[in-house]
Amino acid sequence: MASIERGTHVIRVTALAAMAAIVLTAAAVHAQEVEPAPADATAPESASQSAPPRPRAPRSYFRGYVTFDSTALAASQTFDAIVGKPRLSMVGGGGELLDIWKGLFARVAVSSVKETGSRAELFNGEVIPLGIPLTVELRPLEVAAGWRVPLLAGRLVPYGGAGVLRMGYRETSTFAMAGEDTSETFAGSVVFGGVEARIVSWIVAGAEVQYRTVPDALGQGGLSEAFGESDLGGTTLRLLIGIRR
Amino acid sequence: MKPAHRVPGIRRALLVIAAAMAVVLVLPLRDIQAQRSGPMIGRAAPRLPPVEPGLTIEKVQAFAEAADRGLDYLPGEVLVKFRAGVQPAGQTRALAALRSRPSSDALRWSGGVARLRDASEPDAERLAAQLRSQPEVEYAQPNYIRRVPRRVAEPRTAPIRTGASPLAVPNDPSYGDMQWNFRLIQAPAAWTINPGGSPDVIVAVLDTGFSTEALTEPRTLWTGQVFQQVPLRFATSSDFSQARVVGARDVAFEPGRPPFDYEGHGTHVISTIAEEANNAVALAGLAYATRVMPVKVCVGYWELMLMRATFGIPGFLPTDAGGCADGDIAEGIRYAADGGARVLNLSFGGTTMAPAVREAIVYAISRGAVVVAAMGNGYEDGNGVEYPAGHAPEIEGLISVGAVGKSTARAFYSSTGPHIEVVAPGGSFRDSDDGEDAGYVWQVTLYPPDTSPLVTTVPRFDRYVEVGYIGTSMAAPHVSALAALLISQGVTNPRAVEAIIRRTTRDLGPAGRDDEYGDGLIQARTALFGRGIAR
């Protein structure tokens, strides 16, 4: 439990720091944009008028998006044994602050999935379902930043980034007694890369691959211990649709 | 005229009567039994192998001689298995090594193992050794006698209580007061997951029998001075529905007839496994929704006395005469496995290894059955290894069971050793802080004074009471019942059943496995709950 609390504390601090950095960066960029360079008080007005216009820094902006994730879990054998699938589909959403500074962007996203299965036993590699219903919920919250490189006049934008992950995990079983269900959060990290394309001026669609790791979240009991699987992360293929305000 | 002088005439007359009874009584009973085991409960009847003769007069005398001489085998009787492909001529050649030079026609076969009786050589160890030296023979062994573990205390009794208990679940009136043993292994919580198992799971109990019919019949019995016709009364347990009995079989005494219990041990074991629950009568069984298959492989004092009287042999036998012969055990194990039993309870043991029994156990496991064996009650009597429990470490799917008392301390009698795998409640009067009786394992069975040769010369087998026994015989059925519950939840591999039961024990004694408690005390609820993702 101590390690879980430490992990939660770390991710809270990291997330707050990332958010603060994003907000501060955004504020600075905004200040650059809204406050023109101070005019030289001694310069003749004509000179001022004849000077070429300074290139305007791109405005940072916010957009929201919805995501459709398919995650190949690191604990694939465990999940396959209990819920019958090694890959989970999640639906989520989030927001991105784009063009904070040049191609820098920041994002916050959350998704979730809820699956039902059966408690089971494992013997010589054979999984034996016991018919006791089990429900598992995963709720990853990611706070990340990255870099975008617009191509083709901004129609195609490859990007990449990294961030921290806060994985909410809940497991409940019928007939469970006190202490046998679990609801915890674990700290992890995520790296990602993808490409997005502008569909219309205010809608983009993108595809992204993520590698998530949430170490030591599993493996202390249950089938995850039997399989020796301790990571609650995995590889995620994400489809996203973003809407600019 | 002295009874001894009348013996030949009586013998001849009784032989005629016995033959007539076989035609008139036994054959119709077989039909009745076949009907009962099948359509009554709407399921296919198990495949019943042909009936073998049970307790012959030669075998009775062999049991008597074994009791007199303190032998652990039937004199002059061996079990022999020939190597694969050996034809009758080869068998006869191997048998020629014996002094009596019997032919292969003298062999009685059961499951590939032959029984041979050689009256000219009572030393069965010598017979077996002579056969083992023949190249045609895979193994040969005396027909060893195993015993339901000797009683370590006189049973306690109480009348059957009726009336639902308003507070307890199950509502059987004596459950709350007496069945500490089930609470010790988490039975109440296990029942919320799996209430008593499934009738699809059959638990075979190879033991002294289980009366499946109410019957009163005149039988001849030596009562001290003369042979007397006495009415033998049998009844079924009032706390067990006969609809949950399937394929009942008497291998050892009178094949073809119901496997009447003349002692009470088998009934107690069956009651621990599957006595009715939630019926407001007496006590509960752990796997009360399963079906049971009583297989009588043990005979005791009364069966031997009845058979001797049938053949006009006067006199009393030692009260501990009888036992469970390896030939009958092996045959019973194969019968149960072929008949669809998924769990076999063996609450008996002996200090000799028996290839025939071991082979039958391996066969049963290969047919999908879990086999459970009692460790034995000999801790304070030399603490020798008893078999078949002694085979447990080398056979996956065979579980050896020691006993603990109410405090979870090892019961004072429970044998120990590297072969112990788990412990279960067997009861003890030494570690119960609320009276000796409260430390026993209580179930409904025959009223002990009715069946004790120390108390009566005319027994009856029709009165059931709540009886407290202690012993590893009582511990083993807890494990058998738990195995039945696991199987009803879908764990069909006997090796997996053993692995789960052992993995989910509560560790007792020194941390980890030890020779007193094995892996620890079985925990029914933990076993049934299985594993989730993180917990």
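A: This is a predicted model, and over residues 1-8 of chain B the pLDDT stays under 50, with 5 contacts beyond four places in sequence in the model for that stretch. The pLDDT also stays under 50 over residues 13-51 of chain B, for which the model has 33 contacts beyond four places in sequence.

Q: And what is the mean pLDDT of chain B?
A: The mean for chain B is 89, and 89% of its residues reach 70 or more.

Q: What ipTM and pTM does the predictor give the complex?
A: The predictor gives an ipTM of 0.83 and a pTM of 0.85 for the complex.

Q: OK, how many residues of chain B are in contact with chain A?
A: There are 17 residues of chain B in contact with 25 residues of chain A. On the chain B side, the elements that give two or more residues are α7 (187-193) and α14 (494-503), and the largest share, 4 residues, comes from α14(B).

Q: How do the residues on that side of chain B divide into nonpolar, polar and charged?
A: The side of chain B that touches chain A has 8 nonpolar, 6 polar and 3 charged residues.

Q: Switching to packing, which residues have the most contacts inside the largest nonpolar core?
A: They are B:V203, B:L344, B:V372 and B:V401, in a core of 190 residues, to which helix α13 (residues 472-488) of chain B gives the largest share, 11 residues.

Q: What is B:L344 in contact with, leaving aside its neighbours within four places in sequence?
A: Its contacts include B:A204, B:L206, B:I333 and B:A336, and also B:V371 and B:V372.

Q: Which residues does the second, separate core include?
A: That core has 5 residues, among them A:L98, A:I100, A:F105 and A:A106.

Methods. Residues are numbered from 1 along each chain as its sequence is written. Chains are lettered from A and ligands numbered from 1 in the order in which they are written. This is a predicted model: local features need pLDDT of at least 70, side-chain atom pairs count only at pLDDT 80 or more; totals for chains, interfaces and linings use all residues. A nonpolar core is a set of buried Ala, Val, Leu, Ile, Met, Phe, Trp, Tyr and Cys residues joined through C-beta atoms within 7 Å. A residue is buried if 20 or more other C-beta atoms lie within 10 Å of its own, exposed if 12 or fewer, and partly exposed in between; C-beta atoms are placed from the backbone. Two residues are in contact if their C-beta atoms, placed from the backbone, lie within 7 Å. pLDDT is the predictor's confidence in each residue, from 0 to 100. Ala, Val, Leu, Ile, Met, Phe, Trp, Tyr, Cys and Pro count as nonpolar, Asp, Glu, Lys and Arg as charged, and the others, Gly among them, as polar.
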